[in-house]
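Here are my notes on the model you sent over. Have the structure open while you go through them.

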Amino acid sequence: TPPPKASITSQCARLPLDALNVSDLGTDEALNIDTVLEIMQRWWNNYDAFSNSNGSCGSSSTVVCTDEDGGNGSGEPNDCTRCETMRVAAVRNCFVDAAARSMLTHRTRHPNRTIHGGAT
């Protein structure tokens, strides 16, 4: 008898491309692997810049808390509850910036295939 076949289980996730607010571009968009890898690399670079620059992420605004925000005035991104909400929004902006720039690169590389119309 043949040996049992190996089974590969992979968890998939969808990129929140609908955050870009682009017509006909949703989370089910079939992206080329080069575009996916570029999005992930840019997102990582943006997040790294955010983490190392006291809250600045790509083109998004800086996250700095003051005593009025309920923080201790240290300017650290996590020094208050409101800052946590602002940090989450800034990290989302890191993704939006990365995805928008990567989709622009994709459009330049593949001018006739900018949007595939979903994976369905």
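1. **Confidence first.** Keep in mind that this is a predicted model. The protein chain has a mean pLDDT of 74, with 70% of its residues at 70 or more. The stretch to watch is residues 56-62, where the pLDDT is below 50. In the model that stretch still has 15 contacts beyond near neighbours in sequence.

2. **Overall make-up.** The protein chain has two helices and zero strands. Helix α1 covers residues 33-52, and helix α2 takes in residues 81-109. Of the chain's 120 residues, 32% count as buried. Take the contacts between residues at least 6 apart in sequence: 54% of them join residues at least 24 apart. As for the surface, the accessible area is about 8,100 Å², and carbon and sulfur atoms account for 52% of that.

3. **S102.** Is S102 buried or exposed? Its relative accessible area is 0%, so it is buried, the cut-off being under 20%. S102 sits in helix α2. Leaving out residues up to four places away in sequence, its contacts are T35, E38, I39 and R42.

4. E38 belongs to helix α1. Which residues does E38 touch, not counting those up to four places away in sequence? They are R101, S102, T105 and R109. E38 has 14% relative accessibility and therefore counts as buried, since the limit is 20%.

5. A pair of aromatic rings is described by the distance of the centres and the angle of the planes. How many aromatic pairs are there? The count comes to two. One of them is W43 with F95: the ring centres are 4.7 Å apart and the planes are at 65°, which makes the pair edge-to-face because the angle is over 60 degrees. W43 is in helix α1 and F95 in helix α2, so this pair ties together parts that are 52 residues apart in sequence.

6. **Ring pair within helix α1.** Y47 and F50 form an aromatic pair too, with 5.9 Å from centre to centre and 40° between the planes, and this one is tilted. Both residues lie in helix α1, three residues apart, or about one turn of the helix. Y47 is partly exposed, with a relative accessible area of 31%, while F50 is buried at 4%.

Note on methods: Residues are numbered from 1 along each chain as its sequence is written. This is a predicted model: local features need pLDDT of at least 70, side-chain atom pairs count only at pLDDT 80 or more; totals for chains, interfaces and linings use all residues. Side-chain values use heavy atoms; hydrogens and water are left out. Helices (H or I, at least four residues) and strands (E, at least two) are DSSP runs, numbered from the N terminus. Buried means under 20% relative accessible area, exposed over 50%, partly exposed in between (1.4 Å probe, protein chains only). Contact means heavy atoms within 4.5 Å. pLDDT is the predictor's confidence in each residue, from 0 to 100. Rings of Phe, Tyr and Trp (its six-membered ring) pair if their centres lie within 6.5 Å; planes under 30 degrees apart count as stacked, over 60 as edge-to-face and the rest as tilted. Accessible areas come from the Shrake-Rupley method with a 1.4 Å probe; for residues, only the protein chains shown count as cover.
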